[in-house]
Amino acid sequence: MGRNIVKNLKFKKHTGKFFDPELFAEMLDESYKNTKRADGDMTKKSFSPSSLGYGHGTCPRYWYMAFSGAMFIDNNDAVAVANMAQGTQAHERLQNLIKTMPQWKAEEEEIINEYPPIRGFIDLIMEYDGETVIGEIKTAKQEVWDARQAEMSPSANHMLQILTYMKLKDAKEGFFLYENKNTQEVLIIPVVMNEKNKQIIEDAFLWMREVWDNFKDGDLPMKPEGATKTKMPCTYCPIKKQCYSKDTPTGTVQIERFKVPTL
């Protein structure tokens, strides 16, 4: 059951004649949901760096079915939709701000790789003394921001995203700009393509190649060991209904889930 976007409806009996707050709350919730991408058949053509290290993005069966064409169902509730919209607005605001600074290219830049097939969008690019520096903008709620500040390290899935861009752009350095959703305070977390990070991204590319080669061979992977509808990586998977359908084969090969690195 989805979260309600309006939280203050436990009031005394409403005595107004014309305005129904509960009906308005339902309409607001539905309006948010109507901004989601419509459910329907979709065929993925490439891996997405932003989803590689989290949830269904770690599942080889998901990618096989997505590459083959599947019924995608957006399970996000109104609160999740609102959070994503806030993140998009923060990206645009910060990119517009950074455009006023010399040396920065603040518009998103599409990046495409042939093998393994990857398509993504880089938030920020700077050329400094002939070297490319990659920047990624993220927004975080208070407790997540506090953790990032305490550790001075990004989350693992965010690290995989920027390392993918750094590898494909042959960049030695990058950084994250984390904005606190509550206060608009900012953390700047540098990233260097050192030996540890090189190994992390090489392992990720090896896994993507294995999954892509298996797709080209036509062998549907089995569900990850221990997978259930209510556990990761299946919990919020957009093709969960089709994956668990009795009409969908169990699969013929066992490919391990992508192992998210420890930073």
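**Group meeting: a walk through the predicted model**

Let me start at a turn. In the hairpin of β8 and β9, Q184 takes a positive phi near 65°. That hairpin has 5 residues between its strands. Keep in mind that this is a predicted model.

β8 covers residues 173-180, and β9 covers residues 186-192. They pair in the antiparallel sense, over 7 bridges.

β8 has another partner, β7, residues 131-140. Here the strands run parallel, joined by 8 bridges. Look at E179 again. In β8, E179 is the bridge partner of T139.

How many residues of β8 are buried? The count is 7 of the 8, so β8 is largely enclosed by the rest of the structure.

W104 has M126 as its bridge partner in β6.

Next, the overall picture. The protein has 7 helices and 9 strands. Its C-alpha trace spans about 65 × 55 × 30 Å along the principal axes. Of its 263 residues, 43% count as buried. Take the contacts between residues at least 6 apart in sequence: 69% of them join residues at least 24 apart.

On to the inside. The largest nonpolar core has 46 residues. Those with the most contacts inside it are F47, Y62, I134, L163, M166 and W207. Several elements each supply at least two residues of this core, including β7, β8, β9 and helix α5, residues 156-168. Which element gives the largest share? That is α6, with 9 residues.

Zoom in on F47. Leave out residues up to four places away in sequence. F47 then touches, among others, W63, F67, P116, P117, W207 and W212.

There is also a second, separate core, of 10 residues. A106, L124, V133 and I137 are among them.

I137 takes us to a histidine. Leaving aside neighbours within four places in sequence, H91 is in contact with D123, I137 and K138. H91 sits in helix α3, residues 78-98. Is H91 buried or exposed? Its relative accessible area is 18%, so H91 is buried; the cut-off is under 20%.

The structure holds 1 cavity of 30 Å³ or more. The volume of the largest cavity is about 90 Å³. What lies closest to its centre? Of the 13 lining residues, those are C59, Y62, C234, C237 and C243. You have met Y62 already, in the list for the largest core. The elements that give two or more residues to the lining are α2 and α7, the latter being residues 240-243. By class, the lining has 9 nonpolar, 1 polar and 3 charged residues.

That's the tour.

Technical notes:
Residues are numbered from 1 along each chain as its sequence is written. This is a predicted model: local features need pLDDT of at least 70, side-chain atom pairs count only at pLDDT 80 or more; totals for chains, interfaces and linings use all residues. Side-chain values use heavy atoms; hydrogens and water are left out. Helices (H or I, at least four residues) and strands (E, at least two) are DSSP runs, numbered from the N terminus. Buried means under 20% relative accessible area, exposed over 50%, partly exposed in between (1.4 Å probe, protein chains only). Contact means heavy atoms within 4.5 Å. Two strands pair if DSSP finds at least two bridges between them. A nonpolar core is a set of buried Ala, Val, Leu, Ile, Met, Phe, Trp, Tyr and Cys residues joined through side-chain atoms within 4.5 Å. On a 1 Å grid over the protein atoms alone, a cavity is a set of points where a 1.4 Å probe fits but cannot get out, and a pocket is an open set with protein on both sides within 12 Å along at least five of seven lines; lining residues have an atom within 4 Å of a point. Grid points are joined across faces, edges and corners, and a volume is the space filled by probe spheres set on the points. Ala, Val, Leu, Ile, Met, Phe, Trp, Tyr, Cys and Pro count as nonpolar, Asp, Glu, Lys and Arg as charged, and the others, Gly among them, as polar.
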